[in-house]
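The sequence and structure come first.

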Amino acid sequence: MRRMLVIAVLASLVTPIVAQEESERDKKKNAAALYSEGLRAETEKPINLLLAISKYTFAVKHAKDEKNNDVAAAALVHTGWCNEKLDPANIAGAKAAYEEVVSTYPNTKPWGDIAKEKASYKGVDVHLKIL
């Protein structure tokens, strides 16, 4: 029992350091590279939606700095999709991502149209899929 407690404490101390190190590497990448990493995490086995959301978040930040509206809008829509796929679904996170696309990148095709449609559902479509 004591050994398990020690391992848990060490893991809680090491995990933030590893995550911080990864974000340092991500800071050196461009938006398109981070978006591609997010796509891999979202679609290739083993699927890791939380990692995908993290990569998409970095991609949006970098895309804004690079003024790359296509990548920013795509990453936000994929963030919304990933939030919808989580168990339980994060409807608020998905809605916020879609609304940011609608307000900031409405003319970015096809992402602006997708986000407008998804934002209009307000999460009802996700709940209906569960039923």
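Axes here are lines fitted to C-alpha atoms, for helices over the stretch in contact, and angles run from 0 to 180 degrees between N-to-C directions. The model is a predicted one.

Helix α5 spans residues 91-104 and helix α6 residues 111-121; the two pack with their axes 8 Å apart, at an angle of about 130 degrees. The crossing of α5 and α6 is left-handed. On the α5 side, Tyr98, Glu99, Val101 and Val102 make the contact, and α6 contributes Trp111, Gly112, Ala115, Lys116, Lys118 and Ala119. By class, the residues of this contact comprise six nonpolar, three charged and one polar.

The loop between α5 and α6 holds Thr108, while Thr79 belongs to helix α4 (residues 69-85). Are these two threonines buried or exposed? Thr79 is buried, with a relative accessible area of 9%, and Thr108 is buried, with a relative accessible area of 8%. Both values count as buried because the cut-off is under 20% relative accessible area.

The table gives the contacts of each threonine, leaving aside residues up to four places away in sequence.

| Residue | Relative accessible area | Contacts |
|---|---|---|
| Thr79 | 9% | Ile53, Tyr56 and Ala97 |
| Thr108 | 8% | Asn69, Asp70 and Ala73 |

Conventions: Residues are numbered from 1 along each chain as its sequence is written. This is a predicted model: local features need pLDDT of at least 70, side-chain atom pairs count only at pLDDT 80 or more; totals for chains, interfaces and linings use all residues. Side-chain values use heavy atoms; hydrogens and water are left out. Helices (H or I, at least four residues) and strands (E, at least two) are DSSP runs, numbered from the N terminus. A crossing is left-handed if the near helix is turned anticlockwise from the far one by less than a right angle, and right-handed if clockwise. Contact means heavy atoms within 4.5 Å. Ala, Val, Leu, Ile, Met, Phe, Trp, Tyr, Cys and Pro count as nonpolar, Asp, Glu, Lys and Arg as charged, and the others, Gly among them, as polar. Buried means under 20% relative accessible area, exposed over 50%, partly exposed in between (1.4 Å probe, protein chains only).
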